[in-house]
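Okay, everyone, thanks for coming. Let me put the structure up and then talk through two spots in it.

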Amino acid sequence: MRKSVRIRECWKESLKIRMISAKSLFTLCAVVSVTLLIPDYALHAYQAPAKPDTEAKPVPEAHSSPAANLAAVAKPNYDPPPNLARTDLPAWPYPKGVHIEATPDDGKLYRIPGSSKTFTDTQINRLASSPDWFPDSHPTPPAPVITGKEGAYRACGECHLMNGAGKPDTARLQGLPVTYFLQQLEDMKNDKRHASVVRASITSMIPIAKSIDAADAKLAAEYFHSLPPFKSVRVVETDTVPVTHPGPHSVQLVERGATEPIGTRIIEIPEDAERTLLRDPSSGFIAYVPLGSIKRGEALARIGADKTGAGKTGAGKTIACTTCHGPNLKGMGDQFPGLAGASPTVAARQLYDFKSGTRDGKNAAAMKSVVATLTDQDIVDVAAYLASLQP
Ligand code: HEC
Ligand code: HEC
């Protein structure tokens, strides 16, 4: 249903309830109006907790009631600084989601292949905590990773998955150096790390970085560091891709039977959307990348060469990624994260964010000079190559 229709329906529904006084009718619909300003990102990475039916339904279009405007001023804004926000970037590195109305939990128990666990919709989608489908496949997770902190922040496992594999709209956390990990939280906390576009998924991460305390952050960092990265993205070169549209949890869903040219894009979809929506960490993604991109990306990553493959070393188009991220691109030391086998959507998003200056943390300077000369095609190519590697 179109969201603008919903607000009209609210008025209609309210009018139907005869008992309602003019004043409470105003209040109810003002609440709906205020939620016009709840940005989409609040609904991206996880399904919103179930709300009583009387509560407002989010409707993202602009609205001009004074109450709504007040709420807009009061609400913390995790979008990029206006002078750096971009509207000219390709959309694919910034996956969008849709909000599905929460229906009452009917108690149905969900299962996934290979796990003996069962969880209800409430346990999967409506609590701060994260379902742990395969508790034997990883060390005991510390509280911030599995339960989060009620009223403060949601469990890391919910968006990054319990095994840290991450999703195209979030990030893989497996094996990240503890120092790097904590620095990213610090950068977000200090408003030094944003996306390049408004309403991007990171706007649901920044408040977490701002509310987690140092001890919990360290526990989470050590847990994810202890998990060996594995490949959860299957890279496929192609010139034609399925047509996709945003689904819940910012998962991109396939429109059955419809295809289109890939162009200069990467299209990343779940291997099994149903399992991904149940937060199954063992179900990965397919990344469709343009024909020839992996080979071109290899030249960029290994010798910093330009697309003509001139093979220049050092003085090429950019600095070889291997210089800092290690000979196998599996990371190096405390500051250089591993890049091999990670989501190309996430990697490309970071490259754009370094380039537009919205990812501007303590150690971002090194990356800014690397990305300065990269074109849209270079970013597709190098992201495709990195994703194709074994972590
Ligand atoms: C609501 C979803 C959500 C939850 C819950 C969440 N994250 Fe994130 N996190 C994200 C998103 C989205 C990004 C990616 C930001 C980007 O693209 O730049 C991210 C990125 C990160 C990064 C940066 C990774 C990198 O490679 O630079 C770290 C570190 C991180 N999260 C830690 C945590 C920790 C610790 C918790 C739990 C306390 C947590 N996250 C919970 C959504 C979430
Ligand atoms: C001069 C050293 C250097 C070189 C060369 C370099 N990087 Fe980086 N890279 C870094 C540092 C440092 C960071 C962490 C930045 C931060 O903490 O904000 C980083 C971070 C990244 C990230 C973000 C990872 C994440 O988990 O969020 C990506 C993606 C990346 N680099 C890709 C590349 C690519 C692709 C190349 C080659 C074209 C490259 N880098 C070359 C130093 C370098």
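I'll start with a strand and its neighbours, then move to a pair of helices.

Quick housekeeping: this is a predicted model, where local features need pLDDT of at least 70, side-chain atom pairs count only at pLDDT 80 or more, and totals for chains, interfaces and linings use all residues. Residues are numbered from 1 along each chain as its sequence is written, with chains lettered from A and ligands numbered from 1 in the order in which they are written.

So, strand S5, residues 285-290: five of its six residues are buried, so the strand is largely enclosed by the rest of the structure. Buried here means 20 or more other C-beta atoms within 10 Å of the residue's own, with C-beta atoms placed from the backbone. Strands are DSSP runs of E, at least two residues, and helices are runs of H or I, at least four, numbered from the N terminus.

Who pairs with S5? Strand S1, residues 233-238, does, parallel, over six bridges; pairing takes at least two DSSP bridges. Threonine 238 has proline 290 of S5 as its bridge partner. Strand S4, residues 267-270, runs antiparallel to S5, joined by four bridges, and there isoleucine 269 sits opposite isoleucine 286.

Now the helices. The axes of H13, residues 344-356, and H15, residues 376-388, come within 9 Å and cross at roughly 140°. Axes are lines fitted to C-alpha atoms over the stretch in contact, with angles from 0 to 180 degrees between N-to-C directions. H13 and H15 are therefore oblique to each other; that label covers whatever is left after under 35 degrees (roughly parallel), over 145 (roughly antiparallel) and 65 to 115 (roughly perpendicular).

Methods. A residue is buried if 20 or more other C-beta atoms lie within 10 Å of its own, exposed if 12 or fewer, and partly exposed in between; C-beta atoms are placed from the backbone.
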